[in-house]
Amino acid sequence: MRVLGVDPGLTRCGVGVVEGVAGRPLTMLGVGVVRTPADAELGHRLVAIERGIEEWLDKHRPEFVAVERVFSQHNVRTVMGTAQASAVAMLCASRRGIPVALHTPSEVKAAVTGSGRADKAQVGAMVTRLLRLDAPPRPADAADALALAICHIWRAPAVNRLQQAQAAAAVAARTPRVPRTPAVPVRKVPR
């Protein structure tokens with residue numbers, strides 16, 4: 001499975017591609033950051049993010065895109081920019097028919113470090129270890145993007161099985177039951 005992880009942001013949008021399957025060593029195929037100038041007009045920044053993500057999609061051809069789910073922050077301006085960059089990533093993937101998964105920051109931290117409250121340094125250290133890198137990817141947005149991809153690779157099989165079970169249960173709930181006729185005892189007729 002090849003996954004493009006996207007840590008959305010207007011100034012620095014982290015991107016990282018990881019390949020592998022759960023339970024096996026993973027391989028980093030690329031990591032970086034799509035940058036936009038803070039003083040540029042919002043529309044131009046979003047177009048720059050779109051172009052950057054499109055280049056990553058063209059170059060690495062991922063099967064899935066994992067994006068950090070935007071969560072509420074006290075700084076509304078920051079959360080709006082993050083949400084807009086997130087939407088651009090989802091749009092780019094969806095336009096190509098690539099499935100998109102959203103993972104919360106605590107899900108990603110828990111998957112990679114074992115604790116949903118891990119700090120950025122812990123996430124970077126575990127990403128370095130899991131991908132057998134010489135040093136943690138910089139900036140932290142790049143390491144976070146790789147962590148998102150790792151999280152998705154590890155969680156996707158369980159999530160897929162859960163979704164299949166839910167779909168089967170929904171179909172079963174809609175299927176009318178045919179009442180069973182009681183078994184009629186067979187009597188032997190004497191000859």
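Predicted model: local features only at pLDDT ≥ 70, side-chain atom pairs only at ≥ 80, totals over all residues.
Buried, in these notes, means under 20% relative accessible area, and exposed means over 50%.

**Entry 1: helix 4**

I began with helix 4, which covers residues 120-130. Which of its residues are buried? I found Val 123, Gly 124, Val 127 and Thr 128. Looking down the axis of helix 4, I saw these buried residues fall within an arc of 135 degrees, so they line one face of the helix. A reminder to myself: an α-helix has 3.6 residues a turn, so residues three or four places apart point the same way. On the other side of helix 4 I noted Ala 121 and Arg 129, which are exposed.

Then I checked the two ends. At the start of helix 4, Asp 119 brings a side-chain oxygen to within 3.2 Å of the backbone nitrogen of Ala 121. Just after helix 4 comes Arg 132, with a positive phi of about 55 degrees.

Arg 132 made me curious about the backbone elsewhere. Most residues other than glycine have a negative phi, and most peptide bonds are trans. Arg 132 sits in the loop between helix 4 and helix 5, and it counts as exposed because its relative accessibility is 52%.

I also looked up Arg 61, where phi is positive, near 45 degrees. Arg 61 belongs to the loop between helix 1 (42-60) and strand 4. With 57% relative accessibility, Arg 61 is exposed too.

Where is Pro 139? I located Pro 139 in the loop between helix 4 and helix 5 (140-174). The peptide bond leading from Arg 138 to Pro 139 is cis, and its omega is near -5 degrees.

**Entry 2: strands 4 and 5**

Next I turned to strand 4 (residues 64-68), which pairs with strand 5 in the parallel sense over four bridges. What is the bridge partner of Glu 68 in strand 5? It is His 103.

Strand 5 covers residues 100-103, and I followed its side chains one by one. They alternate: Ala 101 and His 103 point to one face and are buried.

In soluble globular proteins, nonpolar side chains tend to be buried together. I went looking for such groups here. The largest nonpolar core has 19 residues, and those with the most contacts inside it are Leu 4, Val 6, Ile 49, Ile 53, Leu 57 and Val 65. At least two residues of this core come from each of strand 1 (2-7), strand 2 (12-19), helix 1, strand 4 and helix 2 (76-95). Helix 2 gives the largest share, five residues.

**Entry 3: cysteines**

A disulfide is a covalent bond between the sulfur atoms of two cysteines. How many disulfides does a search of the whole structure find? The count is zero. For Cys 13, the closest cysteine sulfur is in Cys 92, and it is too far for a bond because the sulfurs are 9.5 Å apart. The cut-off I needed here is 2.5 Å between cysteine sulfur atoms. Cys 13 is buried, at 0% relative accessible area. Cys 92 also counts as buried, with a relative accessibility of 0%.

**Entry 4: two loop residues**

Thr 36 lies in the loop between strand 3 and helix 1. Is Thr 36 buried or exposed? Thr 36 is buried, since its relative accessibility is 5%. Its side chain makes a polar contact of 3.0 Å with the side chain of Arg 45. Beyond its neighbours within four places in sequence, Thr 36 is in contact with Leu 10, Thr 11, Arg 45, Ala 48 and Ile 49.

My last stop was Arg 24, in the loop between strand 2 and strand 3 (27-35). Arg 24 is exposed, at 59% relative accessibility. Arg 24 and Trp 154 are 130 residues apart in sequence, yet their C-alpha atoms are 9.8 Å apart in space.

Conventions. Residues numbered from 1 in each chain as written. Heavy atoms only, no water. Buried < 20%, exposed > 50% of the residue type's maximum accessible area, 1.4 Å probe, protein only. Pairing = 2+ DSSP bridges. Arc of directions from axis to C-beta. Polar contact = N/O pair within 3.5 Å; in protein donor to acceptor, adjacent residues only side chain to side chain. Core = buried A, V, L, I, M, F, W, Y, C linked by side-chain atoms within 4.5 Å. Contact = heavy atoms within 4.5 Å.
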